[in-house]
Amino acid sequence: MTAREYHDRTAHSPASVRTSGHTLEWDIKPFPFKVYTELPSFALPRELDPPAIDTLAAIAGSPTGGATLMLSQLATVLYHSAGVTKRKTYPGGGEVLFRAAASTGALYQTEVYVAVGRVAGLDAGLYHFSPGDFALRRLRAGDVRDALATAAGDDSIASRAATVLLTGIYWRNAWKYQARAYRHLFWDSGTMLANLLAVAGGLGLAPRVLTGFVDGEVNRLLGLDPAREVALELIVIGRETSIAPAGGALEAIDHPTLPLSSWGVAAETTLAAARDVRSASPTARADPENTGLGSHPPHPRPALQALRAGWEHSPSAGEPAALARETGGPSVVALPAPRIEAGRGLAETIQRRGSTRQFGQAPLTAEELATVLWAATRGFEADVPAGLVDLYLIVNAVEDVAAGAYHYQPATHTLELLAAGDFRSRSSYLCLEQPLGGDAAAVIYFLARLDDLLDVFGDRGYRLANLEAGLAGGRAYLAAYAQGFGASGLTFYDAHVIEFFSPHAAGKDAIFVTALGRSGAGGRVTIESNLTLRRRPPA
Ligand SMILES: Cc1cc2nc3c(=O)[nH]c(=O)nc-3n(C[C@H](O)[C@H](O)[C@H](O)COP(=O)(O)O)c2cc1C
């Protein structure tokens, strides 16, 4: 199945939602932690040393740093990206351990590993990060950076201190979201990436994202069964060190882990397949190396070179077509300059972040909205160009910005008015009929020229669009919480979103949605704020 077929087949519509017939089987709800049963744990230091940096400055990115990567810094990066930040117990005894970054359904299918070369206080090796006990477990002893660099066709991996690897476990998300889970792998690793880039950047670790690698080789390095869990992105961190020695072929590893559901490990593959997640995502069944949507063929370097050559001609590499239009007319709203400082440090913002469960209808200021839009569209160091997604908005209540539908133009920091009017109920409808979409002060709809991206990048372009939208949404969360209001990721009726923003959005596809606004609970922060108090006294 191609990416286009997958996307269309997993589109939400009122009919698909009402006829899905899917019910949640609570007795096999997947456990949200990956537990290696036979590997000793290596406790991470709990005295964290987060960067003393304003949230907005961290999102903006800091210049490349020359810092030596210390174990306490690695622990800080892991905690603020994927750590357990809040615990909530529910009547009846249920408990959810919420994490630093938002994740669809709080299912937390994104796992984190680290290939350590030179980290002060930690032996070289390949480690799994366990947020539950805040510990590392070593999957491979010795420096694996050379093997990883080969798999990714990127020499920087071999010469930088460490590489963080994000993966996704299908079944953990497919349990609830079925085939749509494949999109969620990239949305949720994207929100995590927003935190990771901000924290690692704030520590001067110069994070760089790699999306191009040979899936089969990276999965094998991690010892993953690609029918259950697959590598998504790599993030190189830390300063240049001496280049990792060339290693020979790495032997296969297969460390036992606890099954995620009571039916056992083998059942996970079947269950995920039954929920259509892998069969719905393009999988070359004849080629065991090739797993998931848009895998590279087993000829990495030519394929990567072709990709990189393609990026030069990416439609997003030049001026976006919309910018060719004249600006400055009455249909264009010049936004105030974004705030340079929010007054809230990055670590505190992440600790307080939570998805707003009910928005009041109180307005945001134009400056607050402008700051979120600016933050969501910051570039980042990567092997792909940024700017693959376009931001459309429904503005419900923003001071000095008339209610209506808009297109945000990052280069001029302006909003192009597409239609004036009160679209609260329409926005709620578009967001799968969820009140959050109507009660929010503004809702960002991330759209992409998917067909163009697929032409340029092949099916891997699908991953890139979903990842960048997740990252932008994650940055919107951070910018909102830094400024004292709230946000929530939302899902949506695909085709209706495009219809609503057309003709401007004709030919594009809806990728992700993030709502912004003040909490309905007294207009302050979020209803989750009471959950952040474990580490700080109530205000
Ligand atoms: C990509 C994404 C999509 C989401 N979609 C919805 C949604 O459609 N409706 C909703 O109420 N919450 C949605 N959420 C919020 C999640 O439910 C929330 O992140 C999760 O429960 C974890 O809680 P926290 O964000 O407060 O830490 C979404 C979050 C993300 C990251």
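**Close-up 1. A polar atom of the Asn-396 side chain lies 3.4 Å from the backbone oxygen of Gly-438.** Such a pair is a polar contact (two N or O atoms within 3.5 Å; within protein, one must be able to donate a hydrogen and the other to accept it, and residues adjacent in sequence count only if both atoms are side-chain atoms). Before going on, please note that this is a predicted model, in which local features need pLDDT of at least 70 and side-chain atom pairs count only at pLDDT 80 or more, while totals for chains, interfaces and linings use all residues. Residues are numbered from 1 along each chain as its sequence is written, and side-chain values use heavy atoms, with hydrogens and water left out. Asn-396 sits in the loop that joins strand 11 (389-395) to strand 12 (404-409). Helices (H or I, at least four residues) and strands (E, at least two) are DSSP runs, numbered from the N terminus. Asn-396 has a relative accessibility of 11%, so it counts as buried. Buried means under 20% relative accessible area, exposed over 50%, and partly exposed in between (1.4 Å probe, protein chains only).

**Close-up 2. The ligand lies between two domains, because domain 1 (32-168 + 178-259) and domain 2 (321-530) both give residues to the shell around it.** The domain bounds come from an automatic or database domain assignment. Of the 23 residues around the ligand, those that come nearest are Arg-353, Ser-355, Gln-434, Gly-489 and Thr-491; a residue is near if one of its heavy atoms lies within 4 Å. Look for a polar side-chain atom of Arg-353, 2.7 Å from an oxygen atom of the ligand. Gln-434 also brings a polar side-chain atom, 2.7 Å from a ligand nitrogen atom. Gly-489 takes part through a backbone N or O atom, which lies 3.2 Å from a nitrogen atom of the ligand. The protein buries 90% of the 620 Å² that the ligand exposes when taken alone; accessible areas come from the Shrake-Rupley method with a 1.4 Å probe, and for residues only the protein chains shown count as cover. Helix 8 (181-202) and strand 15 (486-490) are the elements that give two or more residues to this shell. Sorted by class, the shell has nine nonpolar, ten polar and four charged residues. Here Ala, Val, Leu, Ile, Met, Phe, Trp, Tyr, Cys and Pro count as nonpolar, Asp, Glu, Lys and Arg as charged, and the others, Gly among them, as polar.

**Close-up 3. Thr-191 and Gly-489 are 298 residues apart in sequence, with their C-alpha atoms 9.5 Å apart in space.** Thr-191 belongs to helix 8. With 4% relative accessibility, Thr-191 counts as buried.

**Close-up 4. Five residues of helix 19 (residues 494-501) are buried: Asp-494, Val-497, Ile-498, Phe-500 and Phe-501.** They cover an arc of only 160 degrees around the axis, which puts them on the same side of helix 19; the arc is that of the directions from the helix axis to the C-beta atoms. A polar atom of the Ser-502 side chain lies 2.7 Å from the backbone oxygen of Ile-498. Ser-502 counts as partly exposed, at 29% relative accessibility. Leu-418 is 84 residues from Ser-502 along the chain, and the C-alpha atoms of the two are separated by 8.8 Å. The peptide bond from Ser-502 to Pro-503 is cis, with omega near 15 degrees. Pro-503 has its place in the loop between helix 19 and strand 16.

**Close-up 5. Helix 9 (residues 215-222) is largely enclosed by the rest of the structure, because six of its eight residues are buried.** The buried residues are Asp-215, Gly-216, Val-218, Asn-219, Leu-221 and Leu-222. Gly-223 follows helix 9 and has a positive phi, near 70 degrees.

**Close-up 6. Tyr-108 has a positive phi, near 55 degrees, in a residue other than glycine.** You can find Tyr-108 in the loop between strand 3 (95-99) and strand 4 (110-116). Tyr-108 is buried, with a relative accessible area of 7%.

**Close-up 7. Glu-433, a residue other than glycine, has a positive phi near 60 degrees.** Its loop runs between helix 15 (424-430) and helix 16 (435-439). Glu-433 counts as partly exposed, at 33% relative accessibility.

**Close-up 8. Ala-120 and Met-70 have C-alpha atoms 4.8 Å apart in space and are 50 residues apart in sequence.** Ala-120 is in the loop between strand 4 and strand 5 (125-130). With a relative accessible area of 34%, Ala-120 is partly exposed.
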